[in-house]
Amino acid sequence: MGQVYLAHEAYYNNTGQYVAFSEGNSMTSQFIYEWIVAPDGSTWKITDAAKTTYYNINPIIYNKAALSFLALYNTTYAYNLSVYLEKNMPKLTDGYGAGVDNTGKVVPGAGSNTNGLILGAALYAIQKER
């Protein structure tokens, strides 16, 4: 996990663009996979669920990944990434939304997987401080 985190921070340092790669719904509600290293060996790619089609779309900054980075590492990058998401996410009444891309486009809706992972990350962070 540490290498995955460091790859994300290095991507930001090289591009100025936040990323928090994961899998989940896209802007069109199509399920996608975001890869740091894709099945064909290329890097920072997005595929369909079958992992057969590569998409040229803006990466989604997934809340579940960003808040997990914050819970695990509590670094300036993880904090700023989480603040970026908080500022760009709409206020939902049914939990955290999945995420946004780096243009501020929001993935619609909230999901139980996203919220379950965020709750798990929060519990970890609380217990780590004890």
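Colleague: Where is confidence lowest in the protein, and where is it highest?

Modeller: Keep in mind that this is a predicted model. Where pLDDT is low, the predicted coordinates should not be read in detail. Here the protein averages a pLDDT of 88, and 97% of the residues score at least 70. Helix α4 (residues 112–128) has the lowest confidence, with a mean of 76, while α1 has the highest, at 96.

Colleague: Let's take α1, then. What span does α1 reach from its first C-alpha to its last?

Modeller: The general idea is that an α-helix has 3.6 residues a turn, so residues three or four places apart point the same way. In this model, α1 covers residues 2–15, 14 residues in all, and reaches 20 Å, close to the 20 Å expected at 1.5 Å a residue. Just after α1 comes G16, with a positive phi of about 75 degrees.

Colleague: How many bridges pair β2 with β3?

Modeller: Five bridges link β2 (residues 31–37) and β3 (residues 43–48) in the antiparallel sense. You can find W35 opposite K45 in β3, and V37 has T43 as its bridge partner. Five residues lie between the two strands of this hairpin, where G41 takes a positive phi near 90 degrees.

Colleague: And how many bridges join β3 to β4?

Modeller: Two bridges join these antiparallel strands, and T47 stands opposite Y54 in β4. Their hairpin also has five residues between the strands, and K51 in the turn has a positive phi of about 65 degrees.

Colleague: Last, the largest pocket: which residues are closest to its centre?

Modeller: Rolling a probe the size of a water molecule over the atoms shows where empty space is left. The largest pocket has a volume of about 250 Å³. Its lining has 14 residues, and N63, L85, E86, M89 and Y96 are the closest to the centre. Two elements, α2 (63–73) and α3 (76–88), each give two or more residues to that lining, with α3 giving the most, five residues. By type, the lining divides into eight nonpolar, four polar and two charged residues.

Technical notes:
Residues numbered from 1 in each chain as written. Predicted model: local features only at pLDDT ≥ 70, side-chain atom pairs only at ≥ 80, totals over all residues. Heavy atoms only, no water. 1 Å grid on protein atoms, 1.4 Å probe; cavity = no way out; pocket = protein on both sides within 12 Å on 5 of 7 lines; lining within 4 Å. Points joined across faces, edges and corners; volume = space filled by probe spheres on them. Helix = DSSP H or I, 4+ residues; strand = E, 2+ residues; numbered from the N terminus. Nonpolar A, V, L, I, M, F, W, Y, C, P; charged D, E, K, R; others polar. Expected span 1.5 Å × (residues − 1). pLDDT = per-residue confidence, 0-100. Pairing = 2+ DSSP bridges.
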